[in-house]
Amino acid sequence: MKIGRLPALVRTTTFRLALLHASIFILFSASLLAYLYYETAGHLSRQAEAELNAEFQELSAANRGGFDRLNQAVTERSGARGKFFYLLQDSTGQKSAGDFDFLPAPAPETQVVDVNFDYEVRDTNGRPVRRSAQGRISRLAGGGVLMVAYDVGQLGEMNRRITEVVWRSAVVGFVLSLIGGVVISRSAAQRAEQLARTAEEVMAGDLTRRAPVDGSGDEFDRLSEQLNAMLSKLERLVISSRSAGDSIAHDLRSPLTRLRNRLEGGLREDKVDGQRAALTKSIEEVDGVLDTFNAVLRLSRVQAGATGSFRRINVTGITDELAELYQPACEEKNLTFSYLPGGELFVQADRDLIAQALSNLLDNAVKYTPEGGSVTLSVRRLPGGEAEVAVSDSGPGIPPEDRDRAVERFVRLEQSRSLPGSGLGLSLVLAVAEAHRGRLMLDSAGGAPPNAGLAARLILPSA
Amino acid sequence: MKVIVIEDDADAAAFVKRVLGEAGHSVDVCGDGESGLSQARSGDYDAMVVDRMLPGIDGLELLKRYRDAGGRAPALFLSALGEVDHRVEGLQAGGDDYLVKPYAPSELVARVEALGRRATGDIPTTRLTVGGLEMDLLARTVHRDGQKIDLQPREFRLLEFLMRHAGQVVTRTMLLEKVWDYHFDPQTNVIDVHVSRLRGKIDKDFEKPLLHTVRGAGYRLEA
């Protein structure tokens with residue numbers, strides 16, 4: 001691990017979590033060790049304390065029989081060479097009995113005092129050895145002083161060792177937790193680093209890059225999968241907008257070329273009438289280009305969701321008006337127009353966008369249905385409560401394999417190329433449907449081929 | 001008509017000036033909001049053409065101030081922003097019409113001329129007359145040369161609009177906007193069919209046609 005990388009490592013969330021875990025581990029093990037200490041070393045000292053209390057009580061009882069009685073008891077006990085050692089002084093401060101020679105602390109005026117002290121004894125070879133003791137000094141009623149103490153050397157050693165073990169375990173535990181945290185943190189940081197690198201490469205322009213997925217199904221895998229799905233969608237969008245750009249250029253090139261030819265023809269024309277005709281044609285050509293341009297702009301705005309004032313409206317109100325608007329055009333082309341209204345059906349929608357979308361569908365139906373055919377506009381409520389507006393015709397329809405493509409920008413299917421149109425009509429209908437959280441369904445109208453007919457259904461959530 | 005064009009794009013302004021000039025109107029051009037406002041106030045204009053996005057004060061603000069100061073010349077907004085809410089903003093600011101760029105010159109001329117007519121025709125009328133064609137707005141009846149013509153409600157509104165703008169070119173888009181209240185361009189000839197049906201009713205049995213088709217632009221009702 002490079003030292004220079006450490007600060008970055010420390011900044012990672014995983015590292016902080018590792019640190020937190022280490023701290024919690026320390027807290028837990030400290031409590032555990034404290035309990036251990038309480039039950040072992042603590043128990044021993046409490047036991048010694050209890051014995052000391054008992055010893056003191058017995059001697060107090062002896063004292064109630066007078067100083068001499070106490071003197072005798074102390075002398076006896078000293079001689080027994082038990083766990084305790086004693087010192088009894090009379091009221092003048094002279095040693096009266098016991099196997100210890102001095103008071104390690106000044107005697108209290110009244111009551112008792114607990115003391116810890118060191119003293120020296122000679123071992124078997126006559127060398128001085130320092131030992132620790134713990135005891136109690138009490139002022140007696142008659143002015144004398146009694147001290148009872150016991151050696152804690154053995155107990156102290158145990159305490160020290162237990163304490164040492166506790167501290168060592170704590171330090172080792174902390175270091176181990178930290179190392180674990182760093183390892184976990186490093187592996188997490190590495191995967192985050194991989195994601196960041198993928199993002200960088202994509203930003204540098206390589207849209208085909210994908211984040212690695214190791215199949216473990218963990219959070220990073222899920223994140224990678226999401227990122228990859230997003231990148232795939234982005235790639236598709238970029239490709240489609242690139243191809244849309246190409247299509248715009250291609251779609252505008254032909255009318256612009258025609259326009260140029262007409263204008264040039266007009267320039268060569270000697271007669272005013274001929275010039276006028278050429279200019280009129282040119283204007284029509286330019287109007288067509290402007291229409292395409294407006295349609296592209298409108299489609300982009302709808303797709304970007306940057307348009308529309310949505311309010312609660314009755315779809316049937318719009319279809320009533322459109323039926324009235326389109327019926328004459330149908331009759332003009334000798335098409336049977338039927339309108340099947342479906343009562344009040346409220347949706348949250350932009351009136352103009354819905355009218356535009358339905359008008360595109362009706363335009364298509366009128367345009368592609370051969371004379372003598374039929375066009376039907378119908379509105380109904382679906383069982384799920386959604387509003388469905390359907391435009392069906394008895395034209396050639398769209399083969400199932402072409403239906404997805406038909407809604408793409410500038411796509412003009414084979415049979416429609418001979419007729420005027422921008423190739424944006426169905427794209428706009430789809431965009432309007434999506435802007436309303438609705439759907440566009442293209443199906444066969446169920447006629448006999450070659451005029452299977454098209455049933456285009458715009459489905460909008462009800463409001 | 002005397003028209004003031006307030007537009008910061010010099011090319012666009014020159015184009016508007018030429019198009020309106022060729023249609024026989026006198027045009028003054030201002031390049032920014034401040035001078036446009038002061039000139040609109042001082043000159044006696046029949047109509048204003050205002051770009052929405054102007055340096056200094058923008059088109060909406062300009063027209064609000066102009067209206068607050070009592071200016072009455074009808075105004076047409078030109079804008080690249082063409083959604084319904086933008087139109088509504090324009091109308092709320094005191095605009096009378098709204099034309100989205102890019103537009104056909106014939107559309108601009110038709111709309112500006114329609115504005116001028118509105119300014120002079122403010123007096124409420126109950127009768128419209130074009131040649132031998134008479135419309136009674138109260139009784140909702142139409143006669144030509146004394147002969148009653150039966151019209152559907154929509155046909156009545158269509159004819160009313162054409163008669164109010166008699167002598168002017170009205171475009172298909174204008175008809176869809178003003179008669180049907182929709183703001184989009186149908187690809188097929190739906191409007192033409194409605195107009196030709198109306199023509200069948202008001203012109204068919206009469207020697208002199210009143211409803212004329214203007215190629216590449218729209219229609220004109222004229223005696």
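Before looking at any sheet, I noted my rule: two strands pair if DSSP finds at least two bridges between them. Helices (H or I, at least four residues) and strands (E, at least two) are DSSP runs, numbered from the N terminus.

Some housekeeping next. This is a predicted model, where local features need pLDDT of at least 70 and side-chain atom pairs count only at pLDDT 80 or more, while totals for chains, interfaces and linings use all residues. Residues are numbered from 1 along each chain as its sequence is written, and chains are lettered from A and ligands numbered from 1 in the order in which they are written.

**Entry: the sheet in chain A**

I looked up the strand order and found an open sheet of 5 strands, β7-β9-β10-β12-β11 of chain A, with mixed pairing. β7 (336–340) and β11 (439–444) of chain A are at the edges with a single partner strand each, so one side of each has no neighbour in the sheet. From one strand to the next, the twist averages 15 degrees. I take axes as lines fitted to C-alpha atoms, for helices over the stretch in contact, with angles from 0 to 180 degrees between N-to-C directions.

I then checked β11(A): its pairing with β12 (residues 454–460) of chain A is antiparallel, over 6 bridges. Arg439(A) has Ile459(A) in β12(A) as its bridge partner.

**Entry: helices on the sheet**

I call two residues in contact if their C-beta atoms, placed from the backbone, lie within 7 Å. α9(A) lies across β9 (374–381), β10 (387–393) and β12 of chain A, at about 15 degrees to β10(A). α11 (residues 425–435) of chain A lies across β11 and β12 of chain A, at about 135 degrees to β11(A).

**Entry: where the chains meet**

I found 26 residues from chain A and 21 residues from chain B in the contact. On the side of chain A that touches chain B, α7 (272–303), α8 (315–332) and α9 (351–368) of chain A each give two or more residues. The largest share, 8 residues, comes from α7(A).

**Entry: a helix pair in chain B**

Lastly, I looked at α6 (residues 153–164) and α7 (residues 172–179) of chain B, which pack at about 120 degrees with axes 10 Å apart. Arg157(B), Leu158(B) and Phe161(B) of α6(B) meet Leu175(B), Lys178(B) and Val179(B) of α7(B).
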